[in-house]
Amino acid sequence: MKTLLAAFIVLVFFSCTPIYKTMNAGIPWQNKMQQIPGRVECELYNEGGEGIAYHDSDSINNGSGKLNPANGTYLNEFRMKEGVDISYTKEHNIDNNPYNKVPRDMGQLYVGWTKPGEWINYTVKVNETRNYQIGLMYTANGDGAISLDLDGKAITGPLKVTSTHDDRDTVAWRQWHHWNKADSLTTVKLKKGVHILTLHVVANGNMNFDYLEFR
């Protein structure tokens with residue numbers, strides 16, 4: 001009888017506890033889960049630091065506080081003490097350049113300086129069990145690849161991210177600022193509930209990620 005009671009308590013505990021509390025994957029950014037269907041903003045990854053919420057090749061945020069100097073502003077200093085590299089879309093023919101494949105809003109945070117082997121965790125709430133098309137707002141200086149896990153298990157293989165490099169642009173650094181939207185990298189079935197979504201950089205790097213879109 002005691003054994004059955006203990007098993008029941010364990011079952012109830014794990015069925016009522018969000019998955020992120022039973023995995024070593026960090027906690028939602030500012031305790032706000034991202035919602036599916038909808039956009040998963042790449043800069044709003046979990047809190048918890050290196051090896052838990054993310055893995056980055058170095059401990060320096062190459063965007064916030066470095067490329068974008070610390071000056072007391074939200075955009076320049078966003079998560080500047082963390083290893084994930086973050087910047088934001090800028091005017092003056094930088095991210096609103098004529099080589100974009102899609103229009104871009106300015107002042108939008110994104111993850112950049114990506115390298116193969118890096119990964120980022122997100123706590124997401126899937127509001128309906130069904131198939132979802134996955135889109136991506138991105139730039140890529142050369143063909144790259146990403147993959148996605150859910151609760152530690154692969155839900156996609158490598159997904160090709162097509163290069164946005166454009167030989168017509170003679171400004172070398174701007175090859176990392178040609179924005180494109182991939183409407184459907186793949187389709188996956190997701191179950192309703194709270195999950196840990198992991199974004200892996202598989203090949204090439206040299207990509208910027210604004211958001212994943214599940215629709």
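Which residue lies over the face of Trp 179? Arg 104 does, at 4.7 Å from the ring centre. A charge counts as sitting over a ring if NZ of Lys or CZ of Arg is within 6 Å of the ring centre and within 35 degrees of the ring normal.

Hi everyone, a word on what we're looking at. This is a predicted model, where local features need pLDDT of at least 70 and side-chain atom pairs count only at pLDDT 80 or more, while totals for chains, interfaces and linings use all residues. Residues are numbered from 1 along each chain as its sequence is written, and side-chain values use heavy atoms, leaving out hydrogens and water.

Let's stay with Trp 179. Its ring centre is 5.2 Å from that of Tyr 110 with the planes at 70°, so the pair is edge-to-face. Rings of Phe, Tyr and Trp (its six-membered ring) pair if their centres lie within 6.5 Å; planes under 30 degrees apart are stacked, over 60 edge-to-face, the rest tilted. Tyr 110 lies in strand β7 and Trp 179 in the loop between β12 and β13, so the pair ties together parts 69 residues apart in sequence. Strands here are DSSP runs (E, at least two residues), numbered from the N terminus. Trp 179 is buried, at 0% relative accessible area, and Tyr 110 is buried at 3%. Buried means under 20%, exposed over 50%, with a 1.4 Å probe and protein chains only.

Now for another spot. The structure holds 4 aromatic pairs. One of them, Tyr 74 with Phe 78, is edge-to-face, at 5.3 Å and 65°. Tyr 74 is exposed at 57%, whereas Phe 78 is buried at 3%.

Notes:
Helices (H or I, at least four residues) and strands (E, at least two) are DSSP runs, numbered from the N terminus.
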